[in-house]
Amino acid sequence: MANLPDIAPLADHHTSALLDQGYCIIPAALPAASARDLAEDLSADFERAAASTGPFYGNDTKRFGSLLRRSPHAQAFVQHDLILAVVRQILGPWCDRVALNLTQAIELMPGSIEQVPHRDQDMWPCSRLVDPDLHVEFLVNVMWPFTSFTRDNGATRVWPGSHRRQDETILDPDEAIVAEMEPGSALLFLGSTLHAGGANKTDHPRRGMIVSYALGWLKPYELQWLAYPPDVARQFDPDLSDLIGYRIHRPNLGNYEGHCPSKMLRSTDANIGAVDALGDEQHALIEAYRREGLLPSVAPS
Ligand SMILES: O=C(O)CCC(=O)C(=O)O
Ligand SMILES: [Fe+2]
């Protein structure tokens with residue numbers, strides 16, 4: 001196996017920028033040629049895709065998902081080591097594992113108007129119920145450009161620091177940065193960061209892809225089990241099928257017939273009863289109950 005550089009210091013660096021500013025850009029995260037290869041594989045799908053409908057997607061954009069099924073080049077983006085390390089640092093404290101939330105190719109058609117500013121994690125109403133002092137993040141979004149992203153063609157607008165201003169639905173447009181970048185670079189932003197696609201004032205489509213990751217206990221934006229049904233997921237390497245959701249989230253969440261769904265992908269064993277998949281905390285609570293007959297107080301002592 002090739003000698004990989006130690007990504008931990010870089011992951012720390014990008015994680016602190018992301019938590020501080022609500023976004024960061026990783027220049028040349030992958031070779032531009034990788035973005036070109038993927039864009040090339042998706043170009044016929046872009047041509048074929050009908051325009052979206054609705055005030056959020058915009059009537060002048062094209063979108064489609066299931067990108068891991070459409071091109072073998074998508075995997076390197078979805079399983080980017082450095083980005084996954086950053087995502088795990090941010091979301092890891094709040095879940096047993098992170099999961100792929102969405103892959104979506106996006107074209108802003110020439111003349112498209114700017115998108116309404118929004119925070120992606122508002123799709124989960126529970127994100128508003130969490131104590132803001134806890135700073136729980138539900139989602140990390142990664143925007144990968146296929147064409148150059150410029151101010152003129154609608155590069156994503158991001159409001160730095162907006163993740164700490166949850167009570168302000170809309171912020172001054174002049175406070176937004178324009179995430180201009182080249183194919184191969186990646187824009188990361190938090191689910192709580194205010195952002196929007198810009199207006200495409202050029203004669204050429206602005207194409208790119210969103211890959212997002214969420215806490216593994218949330219319902220994903222794109223239903224990964226339908227995007228990649230078992231016969232498709234079985235062809236993926238186990239880390240990838242785990243990431244798309246064929247892996248139990250302890251305790252026992254997202255099981256299939258009482259088992260981790262990864263088992264269903266890889267074996268035909270029948271008639272084995274349900275098996276717990278618990279974390280240390282549940283084991284300790286249950287053992288204490290069996291021993292003492294009382295559950296220990298969960299309040300700090
Ligand atoms: O196209 C963009 O730059 C951003 C798209 C976006 O934020 C979304 O669709 O949720
Ligand atoms: Fe968004």
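Author: A donor is an N, O or S atom within 2.8 Å of the metal (3.2 Å for Na, K and Ca); water is not among the atoms, so sites may look incomplete. This is a predicted model, in which local features need pLDDT of at least 70 and side-chain atom pairs count only at pLDDT 80 or more, while totals for chains, interfaces and linings use all residues. Residues are numbered from 1 along each chain as its sequence is written, chains are lettered from A and ligands numbered from 1 in the order in which they are written, and side-chain values use heavy atoms, with hydrogens and water left out.

Reader: What makes His118, Asp120 and His195 the residues that coordinate the iron ion (ligand 2)?

Author: NE2 of His118, OD of Asp120 and NE2 of His195 stand at 2.1 to 2.4 Å from the iron ion (ligand 2). The limit is 2.8 Å, so these atoms count as donors. Along the chain their spacing is H-x1-D-x74-H. Histidine 118 is in the loop between β3 (98-108) and β4 (139-145), and histidine 195 is in strand β8 (residues 195-196), so the pair ties together parts 77 residues apart in sequence. A strand is a DSSP run of E with at least two residues, and a helix is a run of H or I with at least four, both numbered from the N terminus.

Reader: How do you know that there are zero disulfides?

Author: A disulfide needs two cysteine sulfur atoms within 2.5 Å. For cysteine 24 the closest cysteine sulfur, in cysteine 95, is 19 Å away, which is too far for a bond. The sulfur of cysteine 95 has its closest cysteine sulfur at 13 Å, in cysteine 126, again too far. A search of the whole structure finds zero disulfides.

Reader: Why is cysteine 24 called buried, and why is histidine 283 called partly exposed?

Author: Buried means under 20% relative accessible area, exposed means over 50%, and partly exposed is in between (1.4 Å probe, protein chains only). Cysteine 24 has 5%, so it is buried; cysteine 95, with 14%, is buried too. Histidine 283, in helix α10 (residues 280-292), has 37%, so it falls in between.

Reader: What makes the pair of ligand 1 and arginine 206 a polar contact?

Author: A polar contact is a pair of N or O atoms within 3.5 Å; within protein, one must be able to donate a hydrogen and the other to accept it, and residues adjacent in sequence count only if both atoms are side-chain atoms. An oxygen atom of ligand 1 is 2.7 Å from a polar side-chain atom of arginine 206, so the pair meets the limit. For histidine 195 the distance is 2.9 Å, and for aspartate 120 it is 3.4 Å. Taken alone, ligand 1 exposes 290 Å², and the protein buries 96% of that.

Reader: How do you know that β4 is enclosed?

Author: Seven of its seven residues are buried, so β4 is largely enclosed by the rest of the structure. Leu139, Asn141, Met143 and Pro145 are buried on one side, and Val140, Val142 and Trp144 on the other.

Reader: Which strands does β4 pair with, strand β9 (residues 206-215) and which other?

Author: Two strands pair if DSSP finds at least two bridges between them. β4 and β9 have seven bridges and run antiparallel, with asparagine 141 opposite serine 212. Strand β7 (residues 186-190) is joined to β4 by four bridges, also antiparallel, and valine 140 stands opposite leucine 190 there.

Methods:
Areas by Shrake-Rupley, 256 points an atom, 1.4 Å probe, with all protein chains shown as cover.
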